[in-house]
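Please keep the sequence and the structure in view while reading.

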Amino acid sequence: MLLSSFAIAASAHQVWVERDGAGPAKVYVGDVDGERDHGDDVAKLAATTQVFGKDSKQLAKLTTTNDYLEAAVTGSGDVRLIADQVWKPWKNKDGQMQAAVFNSRAGRTETAAALDFELVPVKANGDVFTLTFKGEPVAGKKVSVINPDKWVKAFTTDKEGRIKVPVQGKGRYILMSAHELKGELEVAGDKVQKVSYTTTLSFVAK
């Protein structure tokens, strides 16, 4: 029962980053299209969550608030997040050790991938995105789009790994997709046989 409950909780949670203009980035935990976590559930991620701008070696300082982690990112470019220690690896229903990795991006100005699993704009500030894993496009994969009115619709990437987002109003859009990798793998120093990746991309249409 404990493992079953954990699996449900894991599948329903995301870690993602949002940013308005050139201000600080905000890291949220919870459901992108639903309730968000608060307090200790947010604070415990500060030590292991990485947030950065153009240079992945220059990590932003994180400050804990009750509702989110605030990342002091400089510059006006896109912001990215890596969180691979939200949960310790667990034994899944197949008896394999499994881990979860969250990749996230705020902004759509840069057309190059910098994360293992990422949605990348084909053109700066455009509405067409390529879903990539380890730098390669992923075809036939579901991508959910949440618009500013919390309307949710699923799209499937084409043979080039692309989707077109229907940007029809001002406000924040969030894209989300999931991917699994199997084999003899290692995440944050732990050996596992399966890794569940989740990626999000958020941007503000004006």
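This is a predicted model: local features need pLDDT of at least 70, side-chain atom pairs count only at pLDDT 80 or more; totals for chains, interfaces and linings use all residues.

Lys194 belongs to strand S16. With a relative accessible area of 11%, Lys194 falls under the 20% limit and therefore counts as buried. Setting aside residues up to four places away in sequence, Lys194 touches Asn92, Gln96, Met97, Gln98 and Ala99, and also Glu180, Leu181, Lys182, Gly183 and Leu185.

Gln193 is in strand S16 as well. Its relative accessible area is 22%, so Gln193 is classed as partly exposed. Apart from neighbours within four places in sequence, the contacts of Gln193 are Gln96, Met97, Leu181, Lys182, Gly183, Glu184 and Leu185. For Met97, the C-alpha lies 5.6 Å from that of Gln193, although the two residues are 96 places apart in sequence.

Side chains of opposite charge can pair when their charged atoms come close. Over the whole structure, a search gives 13 salt bridges. One of them is formed by Arg36 and Glu18, with 3.4 Å from N to O. This pair links distant parts of the chain, 18 residues apart: Glu18 sits in strand S1 (residues 14–19), and Arg36 in the loop between strand S2 (25–30) and helix H2 (40–43). Glu18 is buried at a relative accessible area of 7%, whereas Arg36 is partly exposed at 25%.

A second example is the salt bridge of Glu110 with Lys54, where the closest N and O atoms are 3.3 Å apart. Glu110 is in the loop between strand S8 (97–106) and strand S9 (117–121), and Lys54 is in the loop between strand S3 (50–52) and strand S4 (62–64), so the bridge ties together parts that are 56 residues apart in sequence.

## A network of charges

Arg105 and Glu118 also meet in a salt bridge, at 2.9 Å from N to O. Arg105 is part of strand S8 and Glu118 part of strand S9, and this pair links distant parts of the chain, 13 residues apart. Both Arg105 and Glu118 are buried. Through shared partners, salt bridges join Arg105 and Glu118 with Lys54, Asp78, Arg80 and Glu110 into one network.

## Arg19, a buried charge without a salt bridge

Arg19 is located in strand S1. What is the nearest side chain of opposite charge to Arg19, and how far away is it? It is Asp78, at 7.1 Å. A salt bridge needs a side-chain nitrogen within 4 Å of a carboxyl oxygen, and Arg19 has none, although the residue is buried.

Backbone oxygens lie within reach of the Arg19 side chain instead: a polar atom of this side chain is 3.2 Å from the backbone oxygen of Val73 and one is 3.1 Å from that of Gly77. Beyond residues up to four places away in sequence, Arg19 touches several others, including Pro24, Ala25, Thr74, Gly75, Ser76, Val79, Ala106, Arg172 and Val204.

## The second largest pocket

Arg19 also takes part in lining a pocket. The second largest pocket holds about 300 Å³ of space. Of its 16 lining residues, those closest to the centre are Arg19, Gly21, Gly107, Thr109 and Val204. Strand S16 (residues 190–205) gives the largest share of the lining, three residues.

## Positive phi angles

Most residues other than glycine have a negative phi. Asn125 has a positive phi, near 65 degrees. Asn125 lies in the loop between S9 and strand S10 (128–133), and its relative accessibility of 48% makes it partly exposed.

Lys134 likewise has a positive phi, near 55 degrees. Lys134 is in the loop between S10 and strand S11 (136–137). At 49% relative accessibility, Lys134 is partly exposed.

Key
Residues are numbered from 1 along each chain as its sequence is written. Side-chain values use heavy atoms; hydrogens and water are left out. Helices (H or I, at least four residues) and strands (E, at least two) are DSSP runs, numbered from the N terminus. Buried means under 20% relative accessible area, exposed over 50%, partly exposed in between (1.4 Å probe, protein chains only). Lys and Arg count as positive and Asp and Glu as negative; His and the chain ends are not counted. A polar contact is a pair of N or O atoms within 3.5 Å; within protein, one must be able to donate a hydrogen and the other to accept it, and residues adjacent in sequence count only if both atoms are side-chain atoms. Contact means heavy atoms within 4.5 Å. On a 1 Å grid over the protein atoms alone, a cavity is a set of points where a 1.4 Å probe fits but cannot get out, and a pocket is an open set with protein on both sides within 12 Å along at least five of seven lines; lining residues have an atom within 4 Å of a point. Grid points are joined across faces, edges and corners, and a volume is the space filled by probe spheres set on the points.
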